[in-house]
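Work through the exercises below with the sequence and the model at hand. The model is predicted.

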Amino acid sequence: MAEVQLNDKDLSSYGAMMLTGSYNSLLSPAPLKEWVANDPINSDGVEYMVPKKPLVAERTVDLIFGITGKDKEDFIDKYNRFLSVIQGGIIKLYVPDIGKNYHLKYEQCTSFDHYHLRSCKLAIKFTEPNPKNND
């Protein structure tokens, strides 16, 4: 069974796994870019310039990860390596169940819980600059 990958490396190499709720965020449709509008003062309503092909805008993706180590030192090492990758620029997250790559930019950690410095659960907010880029 294929595993979720972070920059072409299995998440398990960081002691990490994607947790419940992540697929909801990944599979939610991206918003559309705003349409150009004209709101003339001398007529009712608003006129939109409807594009021939509506385009998607960037979107926010909230993912939840768990990280586990054999002991405190192993956990801290895996945790620090995981952070250095996700905070290192645009990452590529491959999700085999969906059959898609996601190119994501780290924004912030929105929640963090640790369990005796041997495992943790963290929610991470990413921006997906171009939801149509899934090569």
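**Exercise 1.** State what covers the buried residues of helix α2, and on which side of α2 they lie.

Solution. 
- The cover includes the strands β1 (5-6), β3 (16-18), β6 (59-68), β7 (90-95), β8 (100-115) and β9 (119-128).
- The buried residues of α2 are D74, F75, K78, Y79, F82, L83, V85 and I86.
- Around the axis they cover an arc of only 160 degrees, which puts them on the same side of α2.

**Exercise 2.** Find which element gives the most residues to the largest nonpolar core.

Solution. 
- The core has 27 residues, and L6, F65, F82, I86, L93 and F126 have the most contacts inside it.
- Two or more residues each come from β3, β6, α2, β7, β8 and β9.
- With six residues, α2 gives the most.

**Exercise 3.** Classify the ring pairs Y14–F82 and F75–Y79 as stacked or edge-to-face.

Solution. 
- For Y14 and F82, the centres are 6.2 Å apart and the planes make 70 degrees; over 60 counts as edge-to-face, so this pair is edge-to-face.
- Y14 lies in the loop between β2 (9-10) and β3, and F82 in helix α2, so the pair ties together parts 68 residues apart in sequence.
- For F75 and Y79, the centres are 5.8 Å apart and the planes are at 25 degrees, so the pair is stacked.
- F75 and Y79 are four residues apart in α2, separated by about one helical turn.

Technical notes. Residues numbered from 1 in each chain as written. Predicted model: local features only at pLDDT ≥ 70, side-chain atom pairs only at ≥ 80, totals over all residues. Heavy atoms only, no water. Buried < 20%, exposed > 50% of the residue type's maximum accessible area, 1.4 Å probe, protein only. Arc of directions from axis to C-beta. Contact = heavy atoms within 4.5 Å. Core = buried A, V, L, I, M, F, W, Y, C linked by side-chain atoms within 4.5 Å. Phe/Tyr/Trp six-rings, centres within 6.5 Å; stacked < 30°, edge-to-face > 60°.
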